[in-house]
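Dear colleague,

Please find below the sequence and structure that I am handing over to you. My notes on what was found follow directly after.

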Amino acid sequence: MAAFISLIFLFVTLLHDLADGRGLAGSSHDKVIVCYVSRWSVYRPGAGSFDIFDIEPSLCTHLIYCFVGLDENTFKITNIDAFQDLEINDGKGGFKRIVALKEKHKHLKVSIGIGGWNEGSAKYSKMAADPKLRNIFIRSVMNFLETYKFDGLDLNWDYPTQRGGKPEDRKNYVHLIRELSEAFEPYGFLLTAALRPGKDDMDTVYDLTHVNYYLDFMHIMTYDYHGAWDGVVGANAPIRGQYKDDIYSIEYTINYLLSHGLTPSKMVFGLPMYGRTYWFNTRNVNDIIFGETTTKTTGFQGQFSKEDGFMGYNEICLEITNKSSLWTQHWEEHTSTPYIRDEERFITYDNPRSIANKVKFAMDRGLGGFSAWSIVTDDFRGSCDEEPDTYKDYIERFNKISDQTLLKDALISLTENENENQFYVISDKKVRLRLPKPSFANYPLLRTVNEAIFLATEEKRVLDEMEKIKTHRRNELEKGSSPCIRTCTEVCFYGL
Ligand SMILES: *[C@@H]1O[C@H](CO)[C@@H](O)[C@H](O)[C@H]1NC(C)=O
């Protein structure tokens, strides 16, 4: 019982933290929230420019500063943008400033991300294949982490065995992470990596058993399933695919990884803070069907990120907020994806509602947490109107059970005092759902992740309890020893 009371106490405290919003502490749920910060976004124009002081540490448990690289001559870890990263020559000291966030925010861990798309794969392949070069690299990493006081390394080798890599990368990657983890252990440094989610990547690129063993967390990049390159509209990050067993879906990826023995608590579910843009082939497209409606193979750009086919949520939500724009808003139920369109253009993306549904999906499977790629394209300034339907699907599920007396029984059995539950409130014998109330306007996506973790956890706890009570009652009935049945028979019998 003590454990149970302290659990309730924990929940109450958590909500206070949430309510306070920008506390110095993070949210007190036990999930990791990995916030990727891409340094190059500081160069984006106007309101799209993101600097380290725009980070909201209370919404993250881990920060990853991206990226540094691998020097192809020395095979040591090296900064790519000395002006942003260092202080020499009046540089902006990014390493020092991001690590300094830990002074006020004691819960934070800050890692350095190495690699990324522009780094390519070939030099990593060369380094990983040679024990001497691995040793040079690992010593340089240890030196780097100690010099700048980072808590760990996040590997973003894009990608072993691909893009100039070799088939042997699969086993050499294991040598590399084993040796890194052995070197890190005495110092308690964190070793994490971002992993590709495609069917063809999961097994041929990674030796999953060993990757699972040596990494502290695996950041699964559950996005980029579809984009303008397909030539048809599709969801960037569909929970379910477009047909049964569609390999281009989050469900397929996560089920595959779980069935190959990955430790759920080490799996971190990737959340895209961006969408994919498309040009229709013709004007006057009426019905949109994911996977069928044809498009050009290059998408359009956002005003800040200026990259074909890509738009940050902060850019997309400005389009929606603009009342004189011609966009109409829609929801694709099967993949759980919002999209907007006008006469010529189409964008699939993630909004608070789809993010809340992804949190539910990951929480039901006991995953370790969430990683946001990247927080620089959340609406970090709070410039946009709030999107209204964040918990629509939670509410619909709740409405299906809200009339059951079993729900009330479960709540009473879970809580000492009927009114203690923060989300399920019993009033006038009816149960109502109380939704989290945001206390500040910026970071709507990242805020939703933190809030939905509590709501999804509580929903699961209540449903499990309902199931437990139901099973218990059925067993009692079958045993025929239920006091209720006996009383009833006796009453009926004597009544006659
Ligand atoms: C809003 O949309 C209209 C119509 O597309 C456009 O002309 C205008 O520039 C937009 N305003 C902003 C602030 O983006």
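Predicted model: local features only at pLDDT ≥ 70, side-chain atom pairs only at ≥ 80, totals over all residues.

The ligand

The side chain of Asn322 has an N or O atom that lies 2.3 Å from an oxygen atom of the ligand. Taken on its own, the ligand has 360 Å² of accessible area, and the protein covers 27% of that area.

On the α4 side, the contact is made by Lys126, Met127, Ala128 and Ala129. On the α5 side, Pro131, Leu133, Arg134 and Phe137 take part. By class, six residues of the contact between α4 and α5 are nonpolar, none is polar and two are charged.

The other pair is formed by helix α13, residues 405-414, and helix α14, residues 444-479. Here the axes come within 9 Å, with a crossing angle of roughly 105°. This angle makes α13 roughly perpendicular to α14. From α13, the residues in contact are Leu406, Leu407, Asp409, Ala410, Leu411, Ser413 and Leu414. They meet Arg461, Val462, Glu465, Met466, Ile469, Lys470 and Arg473 of α14. The contact of α13 with α14 comprises eight nonpolar residues, one polar residue and five charged residues.

Backbone details

Why might the following items deserve a mention? Most peptide bonds are trans, and most residues other than glycine have a negative phi.

A cis peptide bond is found between Cys66 and Phe67, where omega is about -20°. Phe67 belongs to strand β2, which spans residues 62-70. The peptide bond that leads from Asp158 to Tyr159 is also cis, and its omega is near -10°. Tyr159 sits in the loop between β5 (152-156) and α6 (169-184).

Thr161 is likewise placed in the loop between β5 and α6. Although Thr161 is not a glycine, its phi is positive, at about 70°.

With kind regards

Definitions and conventions: Residues numbered from 1 in each chain as written. Heavy atoms only, no water. Polar contact = N/O pair within 3.5 Å; in protein donor to acceptor, adjacent residues only side chain to side chain. Areas by Shrake-Rupley, 256 points an atom, 1.4 Å probe, with all protein chains shown as cover. Contact = heavy atoms within 4.5 Å. Helix = DSSP H or I, 4+ residues; strand = E, 2+ residues; numbered from the N terminus. Nonpolar A, V, L, I, M, F, W, Y, C, P; charged D, E, K, R; others polar. Axes fitted to C-alpha atoms, helices over the stretch in contact; angles between N-to-C directions. Parallel < 35°, antiparallel > 145°, perpendicular 65-115°, else oblique.
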